[in-house]
Amino acid sequence: MAAFIPPRRDAEGNAVALASGGKILVGGYVRDGDSADMTAARLLTNGTPDSTFGTNGVKRIDAGTFDYGNDVVVQPDGKVLVAGSSDA
């Protein structure tokens, strides 16, 4: 999925939500060898990564060895929630 910059074959976007100003959030995961991290990526309205979010537009959540994001929600206060599973 292009939201996980740079594009990777071992990344998957499972959910999309809209934030204020039309920004796009994608929830999913990125695999690195023998582990996976839950991720949230935020894109600007033109589809480019939002450099003010996480690292180059992507926030990785490492709670255990295998963490998978299955849904993403933007709260009314603008906070981003990613729901998924972990082996932690």
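**Entry 1: a hairpin.** I began at the hairpin of E2 and E3, where two residues lie between the strands and Gly33 takes a positive phi near 65°. I note that this is a predicted model. I then looked up how E2 pairs with strand E3, residues 35–43. The two are antiparallel and share nine bridges. I checked Gly28 and found it opposite Thr39 in E3.

**Entry 2: back to E1.** I moved to strand E1, residues 11–18, and strand E2, residues 24–32. These also run antiparallel, with seven bridges joining them. I picked Ala11 and looked for its bridge partner in E2, which is Val30. E1 and E2 make a hairpin too, with five residues between them. In that turn I found Gly21 with a positive phi of about 75°.

**Entry 3: on to E4.** I followed E3 to E4 and found four bridges in an antiparallel pairing. Here I saw Ala41 standing opposite Val58 in E4.

**Entry 4: the whole sheet.** In what order do the four strands lie? I read E1-E2-E3-E4, an open sheet with antiparallel pairing. I placed E1 and strand E4 (58–61) at the edges. Each has a single partner strand, so one side of each is left without a neighbour in the sheet.

**Entry 5: a reminder.** I wrote down the general rule that strands of a sheet pair through backbone hydrogen bonds, either parallel or antiparallel. In this sheet I noted the antiparallel kind.

Note on methods. Residues numbered from 1 in each chain as written. Predicted model: local features only at pLDDT ≥ 70, side-chain atom pairs only at ≥ 80, totals over all residues. Heavy atoms only, no water. Pairing = 2+ DSSP bridges.
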